[in-house]
Amino acid sequence: MLTRTVTQIVRGVKKSQDVDTTSEMQAAPYVNARAVQRTRTLGTVGRHIITWTVVVIAFIMILGNLGVNLAALLTSAGIVAAGLAFGAQNIVKDILNGIFMVFEDQLGVGDVVTIGTVSGTVEDVGIRVTQVRALDGTLWFIRNGEILTLGNSSQGWGRALIDVTVDAHQDLAHVSDVILDAARALLKSDRYARKVTGEPEIMGLESVFGDRATLRLAVRTRPEAQWEVQRGIRAELRRKFREHDIKLADEFPKGPGIQK
């Protein structure tokens, strides 16, 4: 019932905005997107709490029907719990940290996050463990109490950064103009227009080494859209550079720049 309710809320918000993903919402995008993500997360946590509550109640009822002395059992359980409390500090830490993460909206189901060395999409937020699906398909189980630093790429806004390395002997002012023209033309298309929230800008000359000069283009985007925008701009730049006979450098350092 809870899962069905959450699904209906998420679908309703997406349908009203006519989008496929929550990051593309146009009207009050941040508020609406976070509302969807928060609904999913609270639904997941609520489902875990309900499941455990039902299991415990069912277990107690079964014992009662079997004629077990529940009063004595609960007294013994209290004594055992007191003895185990000293060894259960990590579990309590995991649960409390998970609750704070959810209610402080640090992450939500569907968010793209980086936790330590793990980067991926949050698939489940439990009361003790958070599950993150990495890009290669690996499902990581991360104890909530061990999450000390968390980076969330799905909140607020993103920025597409494209480093373009060209032959340094060319007119770099002309190269900059072509880069901006290519980015503006691409970002006006139906596919990319709603993924971008700012105008493309050349941040300057990043580096000069030998006959190579690197220019950096930046575009502010909706959260999670920066990688798709980067790929689209790179493809458009290759086409524009061929039209204007702009030569890319023969060798490239490692990085996110355009490959020849």
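## S176 on helix α5

S176 counts as buried because its relative accessibility is 15% (buried is under 20% relative accessible area, exposed over 50%, partly exposed in between, with a 1.4 Å probe and protein chains only). You'll find S176 in helix α5, residues 172-187 (helices, H or I, have at least four residues and strands, E, at least two; both are DSSP runs numbered from the N terminus). Leaving out residues up to four places away in sequence, S176 touches I202 and L215 (contact means heavy atoms within 4.5 Å).

This is a predicted model, so local features need pLDDT of at least 70 and side-chain atom pairs 80 or more, while totals for chains, interfaces and linings use all residues. Numbering starts from 1 along each chain as its sequence is written, and side-chain values use heavy atoms, without hydrogens and water.

## The nonpolar cores

The largest nonpolar core has 23 residues, and V164, I179, L217, I233, L237 and F241 touch the most other members (a core is a set of buried Ala, Val, Leu, Ile, Met, Phe, Trp, Tyr and Cys residues joined through side-chain atoms within 4.5 Å). At least two residues of this core come from each of β6 (158-167), α5, β8 (212-221) and α7 (226-243). Helix α5 gives the most, with 8 residues.

Apart from that core lies another, of 12 residues, with M101, V102, I115 and I147 among them.

## I95 on helix α4

Where does I95 lie? I95 is in helix α4, residues 89-103. With 31% relative accessibility, I95 counts as partly exposed.
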